[in-house]
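Open the model in your viewer and keep the selection tool at hand. The tour moves from one selection to the next and says what is there.

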Amino acid sequence: MDPKGVPLTPKGSYRKFLEHLSGAGKAIGVLTSGGDAQGMNAAVRAVVRMGIYVGAKVYFIYEGYQGMVDGGNNIVEADWESVSSILQVGGTIIGSARCKVFRTREGRLKAALNLVQRGITNVCVIGGDGSLTGANLFREEWSGLLEELAQNGQISKEDVQKHSYLNVVGMVGSIDNDFCGTDMTIGTDSALHRIMEVIDAIMTTAQSHQRTFVLEVMGRHCGYLALVSALACGADWVFLPESPPEEGWQEAMCVKLSENRAQKKRLNIIIVAEGAIDTQNKPITSEQIKELVVAQLGYDTRVTILGHVQRGGTPSAFDRILASRLGVEAVVALLQATPETPACVVSLRGNQAVRLPLMECVQMTQGVQKAMDERRFKDAVKLRGRSFEGNLNTYKRLAIKLPDSQIPKSGFNVAIINVGAPAAGMNAAVRSAVRFGISEGHKMFAIYDGFEGFAKGQIKEIGWSDVGGWTGQGGSILGTKRILPKKYLEEIAAQMRTHSINALLIIGGFEAYLGLLELSASRGKHEEFCVPMVMVPATVSNNVPGSDFSIGADTALNTITDTCDRIKQSASGTKRRVFIIETMGGYCGYLANMGGLAAGADAAYIFEEPFDIRDLQSNVEHLTEKMKTTIQRGLVLRNESCSENYTTDFIYQLYSEEGKGVFDCRKNVLGHMQQGGVPSPFDRNFGTKISARAMQWITTKLKEAQGIGKRFVTDDSICVLGINKRNLLFRPVAELKEETDFEHRIPKEQWWLKLRPLMKILAKYKASFEVPDSSQMEHVHFGHGEPAAI
């Protein structure tokens with residue numbers, strides 16, 4: 001950890017934070033309102049610490065708007081330690097309440113008085129669209145409310161001038177993901193974790209008894225949770241408010257369920273959003289569906305209503321990082337706001353934090369409901385955004401197999417291979433590719449045990465039902481090896497000839513990327529390699545050039561975060577203890593850095609940011625100071641290859657020696673538990689979607705060449721598919737070569753390094769932070785390119 005905190009990141013327009021943005025003399029109020037969501041605490045923590053860091057006063061407003069109206073002990077100044085140990089806690093520590101009084105002008109008048117008395121003119125609201133609409137109305141009425149208070153003699157004319165305008169920034173905390181303009185709301189990913197935990201558990205019992213389960217998930221007006229969980233578990237049928245089933249769905253669903261049973265599938269899963277309706281806007285209930293299945297098919301059917309379990313529990317790594325990023329961005333937005341700035345919402349687009357006009361988002365969100373009320377369901381799906389629409393189309397494609405007679409045969413053979421170390425989510429990607437390929441009329445082949453298995457001819461045709469139930473399984477069912485194709489080129493070419501392979505999909509990590517480069521280089525010698533080839537990145541290290549994320553990294557990050565939570569708990573019990581934890585990742589510091597952000601670490605040592613003995617010394621001093629406060633524990637992460645000489649043992653011994661009498665030390669090496677485990681909902685969904693997109697690309701390439709016997713020799717026929725900022729991009733490997741540090745197996749530029757100062761600031765270090773232009777407010781629109789939303 002560099003005490004100066006200057007990030008060694010790609011050259012950008014870095015400006016020292018404090019020089020440009022001072023919060024001195026400003027007061028920020030933070031409140032959570034409406035339904036609670038996991039991750040709200042992480043957002044509150046980020047707002048408080050960032051506010052204090054820039055010199056502002058930050059106030060907790062307890063119990064949402066009710067606390068703002070009641071004032072008194074409900075509005076309390078927060079300090080650094082007030083938000084310690086809340087990162088891993090679900091719900092909201094400052095409470096949330098629905099408030100009727102705030103809807104009246106009298107209520108808002110009282111609230112304005114309470115804020116002015118404490119000098120608060122910046123409000124950060126974490127809640128759903130109702131809470132945000134209320135905040136915007138309050139902002140618009142502000143000067144009128146102050147005038148009225150002055151007339152009543154409750155405040156002075158000076159107060160009116162001094163606090164002449166109110167700045168409002170919103171963050172969306174809602175498990176339903178029902179807010180337009182943001183790809184993911186705070187809490188959605190954690191709710192999906194709860195749902196998938198239940199579905200995985202139910203699947204084992206359903207299989208034992210050959211049962212059908214009807215699962216009801218939350219989402220009164222939005223089917224996102226139902227849709228994504230159906231996609232992630234391969235459910236047989238899903239009911240959504242935005243896309244009601246067509247007339248006669250009862251018959252169609254029963255046919256589908258019985259077909260699945262005929263294919264030796266021992267269970268059926270039906271997922272219902274609580275707001276599910278038919279085309280006439282009449283509710284479809286889980287009981288109704290159960291009765292239908294029992295009456296028509298006689299299957300043993302059970303209903304499980306998940307209810308408030310989905311709102312509870314600890315936030316996932318994704319939600320903690322998202323909330324921390326948005327919380328910091330919200331403070332920056334408040335400090336940059338002027339009287340002319342409209343109320344904004346900080347949200348996530350692809351992989352970037354952006355600011356959007358609050359009311360534009362709210363109007364669009366309400367537009368979805370209006371479309372549903374007016375039975376314009378196609379419009380409702382479109383208004384939900386491209387990612388929702390993409391999820392729906394992918395689900396339909398992968399869940400419902402057309403009869404063979406209805407799928408025109410393409411005459412193409414496509415092979416799928418896993419390469420490198422196993423990563424959770426690989427199987428979901430294979431399932432998706434196999435089914436998508438079959439639905440396009442291709443013959444799909446599975447290659448077992450990587451390039452070595454390829455050379456030995458371990459290749460088998462794989463069918464639709466062969467991949468049933470794969471989404472929830474960790475590791476790699478096809479088997480995977482790190483061996484590169486170089487020494488087997490002749491044999492691999494021969495196998496491609498024997499099985500007439502027309503295209504290749506490679507799912508894997510850095511070895512898969514190197515393998516692709518080797519195959520590309522051998523095209524001149526072996527014409528068998530002149531076919532479309534595409535790689536989907538899957539590795540816990542997240543070190544593949546051409547993509548901001550890879551399949552498996554999210555699962556590994558959750559494993560690290562869960563372990564750190566337990567370790568922190570043990571340290572809180574013993575007091576004055578510092579844990580040194582070693583993470584995987586090769587030379588790539590992604591897991592250590594993001595794990596540090598998600599677990600609230602004091603430092604994270606990574607290869608990308610060199611450190612020396614002075615930095616280690618400064619970290620020890622920082623922890624010594626920390627032990628004098630009420631937070632008497634420390635957490636330090638170290639990437640396995642961050643330094644040849646400053647090993648985990650060395651750092652442990654140094655800390656133990658230097659901390660004598662102040663704190664004691666323990667070390668943990670997390671090891672291969674980071675590669676195992678059940679894939680997280682993010683990885684299942686990401687694997688499913690990105691792999692389907694790769695197959696679509698293969699199909700397009702093959703169709704273009706149909707009938708002209710074209711050989712694929714150009715660079716754009718051998719690509720890596722990845723997320724880049726906000727878009728899904730196919731990048732030719734030839735192009736990516738320039739962007740790769742081959743010695744250390746990492747991309748030369750890595751996006752997440754920009755988040756490094758964020759971890760330092762939240763751990764009370766000085767750091768310089770890249771601040772967006774104050775004028776940057778975007779609009780809610782559907783841009784060009786393909787959305788990278790998950």
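Select Lys-443, which sits in strand 13, residues 443–447, in this predicted model. Its relative accessibility is 41%, so Lys-443 counts as partly exposed, since that class lies between 20% and 50%. Now show what touches it. Setting aside neighbours within four places in sequence, the contacts of Lys-443 are Phe-412, Asn-413, Val-414 and Glu-461.

Next, zoom out to the whole protein. The protein holds 25 helices and 24 strands, and its C-alpha trace spans about 90 × 70 × 50 Å along the principal axes. Colour by burial, and 62% of the 790 residues come up as buried. Of the contacts with a separation of 6 or more, 80% join residues 24 or more positions apart.

Then select helix 14, residues 386–399. Helix 14 has 14 residues, and the distance from its first C-alpha to its last is 20 Å, close to the 20 Å expected at 1.5 Å a residue. Which residues of helix 14 are buried? They are Ser-387, Phe-388, Asn-391, Leu-392, Thr-394, Tyr-395, Leu-398 and Ala-399. These buried residues pack against several elements, among them helix 9 (249–262), helix 13 (377–384), helix 23 (681–704) and helix 8 (224–233).

Just after helix 8 comes Gly-234, with a positive phi of about 70°.

For the last stop, show helix 2 (residues 40–53) together with helix 11 (residues 317–336). The axes of helix 2 and helix 11 come within 7 Å and cross at roughly 35°, and the crossing is right-handed. On the helix 2 side, the contact is made by Ala-42, Ala-43, Arg-45, Ala-46, Val-47, Met-50 and Gly-51. Helix 11 brings Arg-320, Ala-323, Ser-324, Gly-327, Val-328, Val-331 and Val-332 to the contact. Coloured by type, the residues of this contact are nine nonpolar, three polar and two charged.

Notes
Residues numbered from 1 in each chain as written. Predicted model: local features only at pLDDT ≥ 70, side-chain atom pairs only at ≥ 80, totals over all residues. Heavy atoms only, no water. Helix = DSSP H or I, 4+ residues; strand = E, 2+ residues; numbered from the N terminus. Expected span 1.5 Å × (residues − 1). Buried < 20%, exposed > 50% of the residue type's maximum accessible area, 1.4 Å probe, protein only. Contact = heavy atoms within 4.5 Å. Axes fitted to C-alpha atoms, helices over the stretch in contact; angles between N-to-C directions. Left-handed = near helix turned anticlockwise from the far one by under 90°. Nonpolar A, V, L, I, M, F, W, Y, C, P; charged D, E, K, R; others polar.
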